Amino acid sequence: MALRIGSGSAWWGDRLEPAQRNAEHGDLDYLCFETMAEATISAAQVRKRRDPSFPGYDTYLDDRMQRVLPGCLKRGTRIISNQGWINPEGAAERIVHWLRECGAPKGTKVAAISGSLITDRVLDLTDTLMEDGRPSAALAGQIVSAEAYMGAEPIVQALREGAQIVVTGRVADPSIFMAPMMHEFGWDALDHARLGPGNGIGHVLECGAQATGGYFCDPGFKDVPDPWDLAFPIAEVESDGSAIITKVRNSGGAVNIRTLKEQLFYEVHDPGNYITPDVVVDFTTTELEEVGPDRVRVSRISGKPRTPTLKVSIACQEGFIGEDMFFYAGPGALRRAELAKRILEERFRIVGLQAEEFRIDFVGLNAIHGGTVSKGPNAAKQPEPYEIAVRVAARTKTREEAMKVGREVDGMAVSGVGMTGKRVPHQDRTREVIGVWSSLVPREALRPVITLYES
C-alpha cells in the first residue's frame with residue numbers, strides 16, 4: 001500500500017489553509033513542513049540578540065499547530081517539521097502544550113532534533129569558502145551563526161523511538177519528506193538506489209504549491225484553475241521510490257507534467273548531480289506520466305552515493321541598508337522623478353553619505369532591468385509612465401550612515417519637487433545586512449541530539 005505524504009508549507013510565510021486541508025482531507029500518513037530559507041537561522045539569531053524574549057522557533061508555530069493538530073490526531077497522521085529553527089527543544093515543548101489543548105492521548109511523543117548549529121566550531125571544521133575560495137578564517141569576527149545541513153537519519157531514529165511529531169533545526173529540505181519513506185520502507189541510509197528516488201520526490205514536495213501551479217501560472221500561457229485556492233501536493237509513494245503526485249479533490253491549482261517539470265528543476269544547478277546530505281540525486285533519468293486528472297506518476301529518478309562532507313551556511317554581519325520610497329503621478333511624473341534623483345544625489349554629497357553601494361530606482365521602469373530598458377533601441381517607443389515610485393537605497397558599514405537615507409527622503413516632502421507623494425515616515429528605515437557564505441564540514445563532525453517529550 002502506498003505511503004501518503006503531504007506538504008504543509010514551503011517556507012515560513014506560507015498559507016495555513018492548504019495545510020489544514022491536507023490534514024483534514026488528505027488521508028495522510030505524514031504531514032511535513034518546510035519553513036526555512038537560507039538566512040532563516042541567522043535572522044533568528046539576530047532577532048534573539050535584539051530581543052531576548054524571542055523563543056527562537058517559527059513565529060507561526062502556534063498558528064500552524066492549531067490548524068493541523070485536530071485533523072492529524074483524528075487520522076493518526078504523523079508530523080515532521082523544521083520549525084525548531086534555533087530552539088527545537090522550545091518548539092517541542094510548545095507543541096506538547098498544543099497537544100494537550102487538543103486532547104491528544106497522554107504520552108504522545110514529540111522529538112526535538114538539534115545539533116545543526118556549529119557556530120562555535122565552524123572555523124575549526126572548515127577550510128575554504130565555496131563562493132570565492134578564501135579561507136573561512138577570513139570571516140572571523142563577523143560570524144552571526146553557522147549551521148550544517150543535517151540529513152534524514154536523525155529524523156528516522158526519532159520515528160523509530162515512537163515520536164508522533166518530530167521538530168528539527170536545520171535539515172535539508174528534501175530530507176524532511178524522505179525520512180518517512182526510509183522509516184516505513186526500511187531503506188538503509190547508504191542505499192542510494194532507493195534514496196535517490198525518495199529524495200527526488202522530497203524535492204517535489206518541499207516547495208509546496210509550486211508543484212500544484214504556484215509560481216507557475218502566467219495568464220494566457222500557463223493558466224491554472226482557481227489560483228486563489230492552490231492546494232499543497234501529496235505524494236503516494238511506493239517502496240521503490242516511485243510516486244504519484246496529486247492533491248486534495250475540489251481544490252485549486254493543477255498537477256500535471258508541466259508543473260512538475262518546473263518544480264523538478266527548481267534550484268537544481270546540475271540535474272545529474274543534485275547534492276543533498278543523504279544522496280546525490282540524478283534527475284536526468286526521470287520519467288513523468290499523467291495517469292489521471294491531477295495525478296502524475298514520477299519514476300526512475302536515480303541516485304549516487306552520498307558525499308563525505310556536509311554543507312554549512314555561515315552567516316556574517318555585513319553592514320546595514322537604509323531604504324525609503326516616494327511617488328509621483330500624472331503628466332510629467334518621470335521628469336519630476338528624474339529631478340528628484342538629481343536633488344538627492346547632490347544632498348547625499350552634502351551630508352557626506354559613506355556608502356558601499358548606492359542606487360536610486362524608478363520602480364516599474366528600471367528597478368529590475370536597470371538602464372537597459374530606457375537606453376535600448378526601443379527607448380523612444382516606451383510610453384511615458386503615468387506614475388513613478390522612486391526607491392532610494394544605500395548599503396553602509398554603520399547604521400548611522402544608513403539612517404541618512406530616510407532623513408533626506410523625508411526632506412523631499414516639503415523641500416523637494418512639486419507634487420511629491422510621501423509615505424508616513426517610520427522611525428527606523430534601516431536593516432542589518434546578513435551575508436551568507438558556504439563551506440563544507442566532515443560528515444562525522446556533526447552530532448545530532450534527539451530529545452523526547454510527552455504530552
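I took helices (H or I, at least four residues) and strands (E, at least two) as DSSP runs, numbered from the N terminus. The model is predicted, so I noted that local features need pLDDT of at least 70 and side-chain atom pairs pLDDT 80 or more, while totals for chains, interfaces and linings use all residues. Residues are numbered from 1 along each chain as its sequence is written, and side-chain values use heavy atoms, without hydrogens and water.

**Entry 1: helix H6**

I looked up which residues of helix H6 (residues 153-160) are buried (under 20% relative accessible area, with exposed over 50% and partly exposed in between; 1.4 Å probe, protein chains only). They are Pro154, Ile155, Val156, Ala158 and Leu159. These buried residues pack (heavy atoms within 4.5 Å) against several elements, including strand E2 (30-33), strand E4 (109-114) and helix H7 (173-185). Just after H6, I found glycine 162 with a positive phi of about 95°.

Most residues other than glycine have a negative phi. I therefore recorded aspartate 27, which has a positive phi of about 50° although it is not a glycine, and which is exposed, with a relative accessible area of 55%. Aspartate 27 lies in the loop between helix H1 (17-25) and E2. Aspartate 226 also has a positive phi, of about 45°. I located aspartate 226 in the loop between H8 and strand E7 (234-237); it is partly exposed, at 38% relative accessible area.

**Entry 2: helices H10 and H12**

I checked the axes (lines fitted to C-alpha atoms, for helices over the stretch in contact; angles from 0 to 180 degrees between N-to-C directions) of H10 (residues 333-350) and H12 (residues 399-415). The axes come within 11 Å and cross at roughly 130°. In the contact, Ala340, Ile343, Leu344, Arg347 and Phe348 of H10 meet residues of H12, among them Lys404, Val405, Glu408 and Met412.

**Entry 3: a sheet of three strands**

I traced an open sheet in the order E9-E10-E13, with antiparallel pairing (at least two DSSP bridges between two strands). Strand E9 (274-275) and strand E13 (302-304) stand at the edges with a single partner strand each, so one side of each lacks a neighbour in the sheet. Two bridges join E9 to strand E10 (residues 280-282); isoleucine 275 has valine 280 in E10 as its bridge partner. Helix H8 (residues 192-206) lies across E9, E10 and E13, at about 115° to E13.
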